[in-house]
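Please look over the sequence and the model below.

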Amino acid sequence: MKENDKIRLQKIGANLLKLRTEKGYTQEELSYECDVDRAKISKIESGHANLLVTTLLDLAEGLKVTPQELLDLNSKNKK
């Protein structure tokens, strides 16, 4: 995987972590809310999983945010 792709995945994962914790969800609760495996959520948050568009949409819906918020690569979140 290209280094730039790794950085993108880390930023998306950091966005997911930030949004999830802001909403007060544990990984398990978010997993239930959006029907995405908890282990998958963990891998996404750590920047170790590439995600499908459908997974992105499920996570955004579960968090009640836009997909753009999860994909915000200009976010100041630190990994």
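The report covers the core, one leucine in it, and a helix contact.

This is a predicted model, where local features need pLDDT of at least 70, side-chain atom pairs count only at pLDDT 80 or more, and totals for chains, interfaces and linings use all residues. Residues are numbered from 1 along each chain as its sequence is written, and side-chain values use heavy atoms, leaving out hydrogens and water.

**The core.** The largest nonpolar core has 17 residues. Such a core is a set of buried Ala, Val, Leu, Ile, Met, Phe, Trp, Tyr and Cys residues joined through side-chain atoms within 4.5 Å. Buried means under 20% relative accessible area, with a 1.4 Å probe and protein chains only. L16, L30, L59, L63 and L70 have the most contacts inside this core. Helices are DSSP runs (H or I, at least four residues), numbered from the N terminus.

α4 gives the most, with 4 residues.

**L16.** L16 lies in helix α1. L16 is buried, at a relative accessible area of 1%. L16 and E45 are 29 residues apart in sequence, yet 6.1 Å apart in space, C-alpha to C-alpha.

**α2 and α4.** These helices pack at an angle of about 105°, with axes 8 Å apart. Axes are lines fitted to C-alpha atoms, for helices over the stretch in contact, and angles run from 0 to 180 degrees between N-to-C directions. α2 and α4 are therefore roughly perpendicular, a term for 65 to 115 degrees. L30, E33 and C34 in α2 meet D58, L59, G62 and L63 in α4, where contact means heavy atoms within 4.5 Å.

Terms used. Buried means under 20% relative accessible area, exposed over 50%, partly exposed in between (1.4 Å probe, protein chains only). Helices (H or I, at least four residues) and strands (E, at least two) are DSSP runs, numbered from the N terminus. Angles under 35 degrees count as roughly parallel, over 145 as roughly antiparallel, 65 to 115 as roughly perpendicular and the rest as oblique.
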